Structures are given as structure tokens and as C-alpha cells.
Amino acid sequence: MDTVRIDKYLWAIRAFKTRSEAAEACRSGKVYVNGSQVKSSKEIKKSDEIEVRKGAVHYKYLVVEPIDKRQGAKLVDQFATNVTPQSELDKLVAPVETIFLKRERGSGRPTKKERRDIDRLMDGF
């Protein structure tokens with residue numbers, strides 16, 4: 001097999017759970033092949049570079065061998081090389097900063113002074 005559709009390939013290498021999710025990512029402009037945005041019908045070949053944006057992370061794959069049948073997780077390395085930079089993978093484990101303010105039940109609304117203290121605290125984030 002010399003070429004295969006990009007949506008089939010992304011599904012086969014387990015970048016997406018379903019082929020329809022892969023097609024939707026192509027339709028919404030989250031998939032690039034060799035630096036250009038593609039539709040799901042784009043045919044890819046050996047040594048193409050694929051970039052997929054999932055959330056905040058930009059995954060990069062290098063096509064080793066085009067395949068259209070879904071592969072087991074252990075066999076994916078035979079068909080695609082994950083060349084995602086470590087800085088992108090670090091975004092997956094970045095701590096999420098959240099602030100949780102708790103007031104005692106029945107204490108009512110904050111006073112002006114308490115509101116200013118809360119605003120000062122929130123400006124730091």
C-alpha cells in the first residue's frame with residue numbers, strides 16, 4: 001500500500017479512538033500534513049510529517065509505513081514514529097491552578113474590606 005487517507009491512518013495508529021473523530025479533526029483544521037492544513041480525504045505516503053492538535057498539545061508523527069487497518073498499541077511503532085517535542089508532552093502533566101475560596105455558612109456577603117482582600121488575592125493569579 002503506497003498511500004492511505006489521513007483519517008484512516010490517524011485512526012489506525014491510534015491517534016483517535018474512532019475514524020469519525022479523526023475526520024472531524026481534519027474538518028475543523030486540527031490536522032496538518034507537511035505544514036499544510038488537510039481534509040480527511042488527503043492521501044498520505046511514506047515519510048510525510050503529520051501534526052495533530054488535540055487540546056493544548058500539538059502531536060507530531062512521521063509516517064513510517066501507510067496502513068489502513070487498526071493496529072495494536074505495541075505495533076504502532078512499526079507504522080508511525082512519534083516525534084512530539086518534550087515541551088508539548090509536558091503540557092499534559094502541567095498543574096492546573098485553581099483557587100477555591102470558602103466562606104463559613106451563614107456568614108453572609110463579604111464586607112468591602114473582605115472583597116478588596118479577595119480581589120487582591122485574585123490579581124496575583
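**Salt bridges and nonpolar core of the predicted model**

Lys-113 is exposed, with a relative accessible area of 52%. Salt bridges that share partners also join Arg-5, Asp-7 and Arg-19 into one network. The structure described here is a predicted model.

Lys-113 pairs with Asp-117 in a salt bridge, and the closest N and O atoms are 3.4 Å apart. Both residues belong to helix H4. They are four residues apart, about one turn of the helix. Asp-117 has a relative accessibility of 32% and counts as partly exposed. Helix H4 covers residues 112-123. Its mean pLDDT of 86 marks the lowest confidence in the protein chain. The highest falls in strand S2, residues 31-33, at 96. The chain as a whole averages 88. Of its residues, 91% score at least 70.

In total, seven salt bridges are counted. Side chains of opposite charge can pair when their charged atoms come close. One of the pairs is formed by Glu-24 and Arg-27, with the closest N and O atoms 3.0 Å apart. These two residues are three apart in helix H2, so about one helical turn separates them. Arg-27 counts as exposed because its relative accessibility is 59%, above the 50% cut-off. Glu-24, at 40%, counts as partly exposed.

A further salt bridge links Lys-91 to Glu-88, at 3.2 Å from N to O. Here the partners fall into separate accessibility classes. Glu-88 has a relative accessibility of 13% and therefore counts as buried, the limit being under 20%. Lys-91 reaches 41% and counts as partly exposed.

The largest nonpolar core holds 25 residues. The members that touch the most others are Ile-6, Tyr-9, Leu-10, Ile-13, Val-31, Ile-44 and Ile-50.

Leaving aside residues up to four places away in sequence, Ile-13 touches Tyr-61, Val-76, Phe-79 and Ala-80.

Note on methods. Residues are numbered from 1 along each chain as its sequence is written. This is a predicted model: local features need pLDDT of at least 70, side-chain atom pairs count only at pLDDT 80 or more; totals for chains, interfaces and linings use all residues. Side-chain values use heavy atoms; hydrogens and water are left out. pLDDT is the predictor's confidence in each residue, from 0 to 100. A nonpolar core is a set of buried Ala, Val, Leu, Ile, Met, Phe, Trp, Tyr and Cys residues joined through side-chain atoms within 4.5 Å. Buried means under 20% relative accessible area, exposed over 50%, partly exposed in between (1.4 Å probe, protein chains only). Contact means heavy atoms within 4.5 Å. A salt bridge is a side-chain nitrogen of Lys or Arg within 4 Å of a carboxyl oxygen of Asp or Glu.
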